[in-house]
2 protein chains.
Amino acid sequence: MARRYSAQKQIIEDTLAKMDHPTAAEVYEEIRKAYPQISLGTVYRNLGLMADDGEILRLSFPDAPDRFDPNAHEHYHVSCSRCGRIFDTDRTFPSELVRQVDRAVEACTGVRVESRVMMFRGVCAACRSGRA
Amino acid sequence: MARRYSAQKQIIEDTLAKMDHPTAAEVYEEIRKAYPQISLGTVYRNLGLMADDGEILRLSFPDAPDRFDPNAHEHYHVSCSRCGRIFDTDRTFPSELVRQVDRAVEACTGVRVESRVMMFRGVCAACRSGRA
DNA sequence: TTCCATGCAAAGCGTTTGCACACAC
DNA sequence: GTGTGTGCAAACGCTTTGCATGGAA
C-alpha cells in the first residue's frame with residue numbers, strides 16, 4: 001500500500017513546498033536547474049498521485065494548466081482578475097464560517113460536504129491601489 | 001459590439017438551458033440529433049464566447065472536460081464523489097452567508113471578491129442511502 | 001530477486017484555430 | 001457589399017501511458 005521511496009518524489013515534494021501554486025511544467029523547470037535528468041512525465045505522475053492521495057491539492061482553471069498546492073488543508077483560493085496571482089486564505093479565516101457554509105450546502109443540495117475547492121475572482125489590494 | 005444573430009448560437013443557448021451541466025461534447029451530441037450539420041467547433045466557439053461575456057458559467061474540474069452552466073448567478077457547485085453528479089445550490093441558500101464569506105476573504109487576502117466559482121465534493125443523499 | 005518508479009517518447013484528449021464559404025446586416 | 005459566424009480539419013497544449021531500464025525492499 002505504501003509507496004516505495006524515490007528521490008524524485010522527495011525532490012518534487014520539496015520543490016512544490018517552496019513555490020507558489022505552480023503548474024506541473026513550472027515545478028519541472030525549477031527542479032531541472034539542479035536535477036537536469038528528471039523527466040516531465042515523472043513530475044506529472046508524482047503530482048497526480050500525491051493529489052489522488054490527498055497529500056496536495058490540484059486546482060483546475062478554465063483555459064489554463066492545472067496548478068498544485070502543497071497545503072491540502074481546508075482553505076479558499078482567490079485569483080486576481082487583473083494580475084492573475086493566486087492567494088490563499090490562511091488560519092485567520094473563521095472556520096465556523098466554513099462549517100456554516102457546509103451545513104447550508106447540505107441543507108440545499110443534500111450533499112454532505114467532504115472537501116472544498118473554492119475559487120473566487122476579484123481584484124487584489126496591489127492592483128486596486130497603484131499598479132500590479 | 002453586439003454579436004450578429006446566428007441560428008446556431010440560439011440553438012446552443014436553448015439546448016444548454018435544458019441540460020444539466022453538460023460538457024461541450026454533450027451539448028454537441030444533443031444538438032446533432034435535430035441539427036446534424038452543426039460542427040463541434042461552433043459549439044466550442046459559442047460556449048467559450050458566452051462564458052467570456054458572463055452569460056454562462058464555465059466550470060473546470062481536474063482530469064475532466066469543462067462543463068457549462070446556463071445559470072451565471074452566484075451559486076455553489078457540489079459534485080458527488082461517488083456518482084459524479086453535479087448539484088447547484090439554489091435561491092434558498094442564504095445570501096448573507098455568501099456576503100459574509102466575501103468579507104472574510106477580503107479581510108484575509110486583500111482581494112475584493114467579484115465572482116465565485118465554489119466547488120465542493122461530498123456524497124449526495126441518493127448515494128448515502130441506497131444506491132446511486 | 002521482485003516489482004515499483006523512472007525516463008523517454010508517443011499517444012490521447014479536450015480545445016482552439018486557419019481558412020474558405022455563407023449569411024446577417 | 002462588408003464583415004462576422006460557420007463548417008471542416010488540422011494544429012495545439014496539457015496530460016497520460018507503454019515500454020524498457022534502474023533501483024528500493
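Here is a short chat about a predicted model with chains A and B.

Q: Before we start, what needs a pLDDT of at least 70 here?
A: Local features do, since this is a predicted model, while side-chain atom pairs count only at pLDDT 80 or more and totals for chains, interfaces and linings use all residues. Residues are numbered from 1 along each chain as its sequence is written, chains are lettered from A and ligands numbered from 1 in the order in which they are written, and side-chain values use heavy atoms, with hydrogens and water left out.

Q: OK, how many helices and strands are in chain A?
A: Chain A has 5 helices and 5 strands; these are DSSP runs numbered from the N terminus, with helices being H or I of at least four residues and strands E of at least two. The pattern along the sequence is α-α-α-β-β-β-β-α-β-α.

Q: And what does its C-alpha trace span?
A: About 50 × 45 × 30 Å along the principal axes of chain A.

Q: How do H1(A) and H2(A) sit relative to each other?
A: Helix H1 (residues 7-18) and helix H2 (residues 24-34) of chain A pack at an angle of about 110°, with axes 10 Å apart. The axes are lines fitted to C-alpha atoms, for helices over the stretch in contact, and angles run from 0 to 180 degrees between N-to-C directions. H1(A) and H2(A) are therefore roughly perpendicular, a label for angles of 65 to 115 degrees.

Q: Which residues make that contact?
A: H1(A) brings Ile11(A), Ile12(A), Thr15(A) and Leu16(A), and H2(A) brings Val27(A), Glu30(A) and Ile31(A). Contact means heavy atoms within 4.5 Å.

Q: New topic: how many residues does each chain put into the contact between B and A?
A: Chain B gives 42 residues and chain A gives 42 residues. Together they bury about 3,200 Å², 66% of it on carbon and sulfur atoms. Buried area is the accessible area (1.4 Å probe) that two parts lose on being put together, summed over both.

Q: Which residues of chain B lose the most area?
A: Cys108(B), Val111(B) and Phe120(B), together 16% of what that side buries.

Q: How many salt bridges cross that interface?
A: The rule finds 0 between chain B and chain A, a salt bridge being a side-chain nitrogen of Lys or Arg within 4 Å of a carboxyl oxygen of Asp or Glu. Over all chains, the count is 15.

Q: What does Arg3(A) pair with?
A: Arg3(A) forms a salt bridge with Asp53(A), with the closest N and O atoms 3.4 Å apart. The two are 50 residues apart and link distant parts of the chain.

Conventions. Angles under 35 degrees count as roughly parallel, over 145 as roughly antiparallel, 65 to 115 as roughly perpendicular and the rest as oblique.
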